[in-house]
Amino acid sequence: KKLIIINGPNLNLLGKREPNIYGSLTFTEFLEEVKSKYPDIHIDYFQSNIEGELIDKLHEVGFSYDGIILNAAAYTHTSVGIGDAIKGIETPVVEVHISNTFGREEFRHQSYISPNAKGVILGFGLQSYELAIQSF
Ligand code: DQA
């Protein structure tokens, strides 16, 4: 199986950024662990702080990969463009969040990703990504 994890804005700061919410592990450390745990699954990784780059990546992988695990971070709550990109591609997208966005500010309750996603996993810390991998 060929999967890709796509992380949106500020997730390059994982480990340093609001560790009380997002934990103190860097994503690189986490990814190494998860890759060694699932050696039979091919897992690519892409992170960008730029909305258009996230859309370009969805287009690039969206007709050949078996699954996309997407944490669009803040763009989740604002990006009609990313929502439309998911509608336009063939590969199923599982939406992931580290925190339970429904327990946080009202503006995080809205998602342009969810209506177009195969499923949504949130609130389990970095384990949310692992659960998404297991869903494919
Ligand atoms: C997040 C939740 C978003 O509301 C926030 O903007 C993020 C991270 C999460 O993984 O919990 O940057 O997507």
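**Ligand shell and active site in a predicted model**

By class, three nonpolar, six polar and one charged residues make up the shell around the ligand. The model is predicted.

Me: Which residues surround the ligand?
Reply: The shell includes nonpolar, polar and charged residues. Arg counts as charged. The residues around the ligand are Asn-10, Asn-71, Ala-73, Ala-74, Thr-76, His-97, Ile-98, Ser-99, Thr-101 and Arg-108.

Me: Which residues does UniProt list for "active site"?
Reply: The record is an unreviewed entry. Its annotations may be inferred rather than shown by experiment.

Me: Is Tyr-22 buried or exposed, or partly exposed?
Reply: Tyr-22 lies in helix α1, residues 19–22. A buried residue needs 20 or more other C-beta atoms within 10 Å, and an exposed one has 12 or fewer. Tyr-22 has 19 C-beta neighbours inside 10 Å, so it counts as partly exposed.

Me: Is His-97 buried or exposed?
Reply: His-97 sits in strand β4, residues 93–97. The cut-off for buried is 20 or more. His-97 has 24 C-beta neighbours inside 10 Å, so it counts as buried.

Me: Which residues is His-97 in contact with, leaving aside its neighbours within four places in sequence?
Reply: His-97 is one of the residues around the ligand. Asn-71 also belongs to that shell. Leaving aside neighbours within four places in sequence, the contacts of His-97 are Asn-71, Leu-122, Gly-123 and Ser-128.

Definitions and conventions:
Residues are numbered from 1 along each chain as its sequence is written. This is a predicted model: local features need pLDDT of at least 70, side-chain atom pairs count only at pLDDT 80 or more; totals for chains, interfaces and linings use all residues. A residue is near a molecule or strand if its C-beta atom, placed from the backbone, lies within 6 Å of it. Helices (H or I, at least four residues) and strands (E, at least two) are DSSP runs, numbered from the N terminus. Two residues are in contact if their C-beta atoms, placed from the backbone, lie within 7 Å.
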